[in-house]
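Take a look at the two chains shown here.

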Amino acid sequence: MLDYIQGYLSSNLTPGQAGNVFWVTVYILIVFGGISVAVIAMNWLERKALAHFQVRLGPMRVGPHGLLQPIADAIKLLTKEDIIPSGADTFVFWIAPLIILCAAFTVYIVVPFGPTHAITDLNIGILFMLGVASLSVLGIVMAGWASNSHYPLIGALRSSAQMVSYEVAMGMAVVSAILMTSLHGLGMYGVAAKSTGTGTLSMIEIVKMQQEQQVWFLFKFFPLGLIAFAIFAIAMVAETNRAPFDLPEAESELTAGFHTEYSGLRWSLFMLGEYAAMIAVSSIAVTLWLGGWMRPFPHWLAGETWDLVFSLFPGLTFLGLAAIAFIGVARMPKHPYFKIQTAGLGGFGAVLGLIGVVLFVPLVRDRIQDIYWFAAKVAVFMYLYIWYRATWPRYRFDQLMKVGWKVLLPIAIGVLILTAILGVVL
Amino acid sequence: MTDATKYLSHLELGEPDQTFLDSNELIINMGPQHPATHGVLRVILKLDGEKVLGTECVIGYLHRGVEKIAEHRTYTMFNPYVDRMDYVAAVSNGLGYCEAIEKLLNIEAPPRANYIRVILTELNRLASHMLWLGTHALDIGAMTPLFYTFRDREEILKIFEKYCGARLTTHAFRIGGCQYETYEGFERDVQNFLKFVPPKIDEYEELLTTNRIWLERTRGVGLISAKDCIALGVTGPVLRASGVKWDIRKAKPYASYSDFDFEIPTGQNGDTYDRYLVRMREMRQSLRIIEQAVGKIPEGPIMAKVPKVLKPPVGEIYHSIEAPKGELGYFVVSDGSTQPYRVRVRPPSFVNLQALDLMVRGQLVADVIAVIGTLDIVLGEVDR
């Protein structure tokens, strides 16, 4: 048994490929827990960042700087009365949020947080991801239909039309990135190419190809990679129903769109699914165009010294967060009423600092590198999501369709064709 | 459903459109509890998919019988009630009422009072337009301008609070002038505000005016021609955005508006974007008026000689002013007693709301929201 567990550690494969059920379970638990924590953190960060965009403070009451707000919300949502409208189709109403949640979380099976840090590696990884991610539209339609109410119905119909049409442009952009995996040769334009003609759909292999070709696909065949990435970045916002494409849940038009009739725990499942899907599509973008788990400049700034410098980043990040927490402690009001809050924030800072210190230990440091860089890149997208929401008004439905079919799709096809031609020429 | 169809008698509910795909029409009830109907407006929409086939406004959820109350109050006692009609532009309401009664009594407010009235009314116009901008942008999906405008509107409300103790329902004016002398530092506060606000307006414009999504959402949406505007009695920025240069401050100057130099911004297309631009430019014009007025508030009394008991001669009067939302008129009939025989208010929001159906027919659900926002209605005024 112990051999079974220890044997995997030296295998240099993902647990799924190694066929090790124990480590698969462990990885699934870690990923599920990690994503849940990320969603909670994202929830707090979004409210806080959005508030600061809008000259507000955001949550301030529950815990220091509202840090415990997501937990308070979770308790509130869990203890709320479970309402199913009398006219609703009970079974479909009940199962819809679960479908969205399952679709959002199943995607993480193939997300490569590192060369071995993935639950498994499928040879059709990217196809699997896109396929499963688009299943969530089923849940949305079911939720809208089962509610037996007008606003959810309109929201659901909008959503299905939107997700289906943006998937096409998204797919085209993805294909052009996959095409790049088969076009070997170093650098942006793949000079001295030795096209093997064999690309890959495996998420891990895609990143390894970027490593081999010494270029992020974002910059390959400049500006083709960049355009494909931009199309994907726009389509993924539409795909996850976020501002400025948040028509299905357009608050000012449809009150809450497809989840108008949902409350309590079921509603929170929708939210969990939405945020998990945001992280999932961001990780597709990171994997395909931003070099996945690779640290910045792995070839230009190569060598042991640079490796060491970059390996200090995770620890430094956590120490920085701890520093922010301690600054917060220093700025807390000196009133006895704030004693507990100040202590709590100090404790939180101490925990962050401790994590930071642990991350400096060489053994942990090397193990955590790839996960850190992957998460950092995804975090940039998460911030962009908040930024979009604070800045832009919402598209109208017909305009959204126009952007999808008349702008993004032709450009995506054009990029795909050009990439293919470049591949033949070079 | 049956309740809603009762209201839809004029929407030709009979036969559904026989299109290629036989589609069912959907009747949707928007409001009175809906995030984007600005209070308690209820709109019944007849939809084909997302296309609006017709609308019917159901109003009266905020009806308080203000006009009836007037018949049982003395002229002075009714004054604070008018503040509760358009509660985001209470100062304008008060000004219209006071001037109407002054006309009826044949007295005139002293120049100093008129200057104070102009400054406060224009500040209120700014406040009203800021609130409109914030909520309108929120309806279209841009959250952030709401908080910016509320932040800056606060500065105006602070001046009101310092002047008369109230922030929204100010009751700032009395029949015959103003109740309060300007407080110590009033002019300095207003001057500071004049310096503070133009960059803020630039900030709103930066977020919206050239924003592609904003342009797409507002251009060509809620079109209304000048002819339709006049036929429906639509006034204010909505009328001006359709290209009619009609502003009562210029056409029939009241208070001391004839002393000031300002322009009437107009649009050409009569769409939501033009109405947005007109209001944004109006805000700058209001600043111009305040700037001219605050520098030269004349000395003198703030109240005309007004008898203790107001007993206007038998007669009737119609007086209208340019409120932020359009022409606000008061038709007062006096029977010679201390109480008005009848007070009829011509609220701009109520009249402008009539245009909703015309403006949204054939457009999409999202446009209904944009148009309700651009009409700038306040339900307190619609229902009275």
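This is a predicted model: local features need pLDDT of at least 70, side-chain atom pairs count only at pLDDT 80 or more; totals for chains, interfaces and linings use all residues.

## Where chain B meets chain A

The contact draws 26 residues from chain B and 22 residues from chain A.

## Helix α6 of chain B

Helix α6 (residues 144–164) of chain B has 21 residues. From first C-alpha to last it reaches 31 Å, close to the 30 Å expected. Which residues of α6(B) are buried? They are T144(B), P145(B), Y148(B), T149(B), D152(B), R153(B), I156(B), I159(B), F160(B) and Y163(B). Look at the spacing in that list. An α-helix has 3.6 residues a turn, so residues three or four places apart point the same way.

What do the buried residues of α6(B) pack against? In chain A, they meet α3 (21–53) and α16 (362–391). In chain B, they meet α5 (111–140) and α7 (186–208). After α6(B) comes G165(B), with a positive phi near 90°.

## The sheet of chain B

Chain B has an open sheet of 3 strands, in the order β1-β2-β3, with antiparallel pairing. β1 and β3 (51–58) of chain B stand at the edges with a single partner strand each, so one side of each has no neighbour in the sheet. From one strand to the next, the twist averages 20°.

β1(B) pairs with β2 (residues 42–48) of chain B over 5 bridges. Among the partners, M30(B) is bridged to V43(B) in β2(B).

Terms used
Residues are numbered from 1 along each chain as its sequence is written. Chains are lettered from A and ligands numbered from 1 in the order in which they are written. Helices (H or I, at least four residues) and strands (E, at least two) are DSSP runs, numbered from the N terminus. The expected span of a helix is 1.5 Å times one less than its number of residues. A residue is buried if 20 or more other C-beta atoms lie within 10 Å of its own, exposed if 12 or fewer, and partly exposed in between; C-beta atoms are placed from the backbone. Two residues are in contact if their C-beta atoms, placed from the backbone, lie within 7 Å. Two strands pair if DSSP finds at least two bridges between them. Axes are lines fitted to C-alpha atoms, for helices over the stretch in contact, and angles run from 0 to 180 degrees between N-to-C directions.
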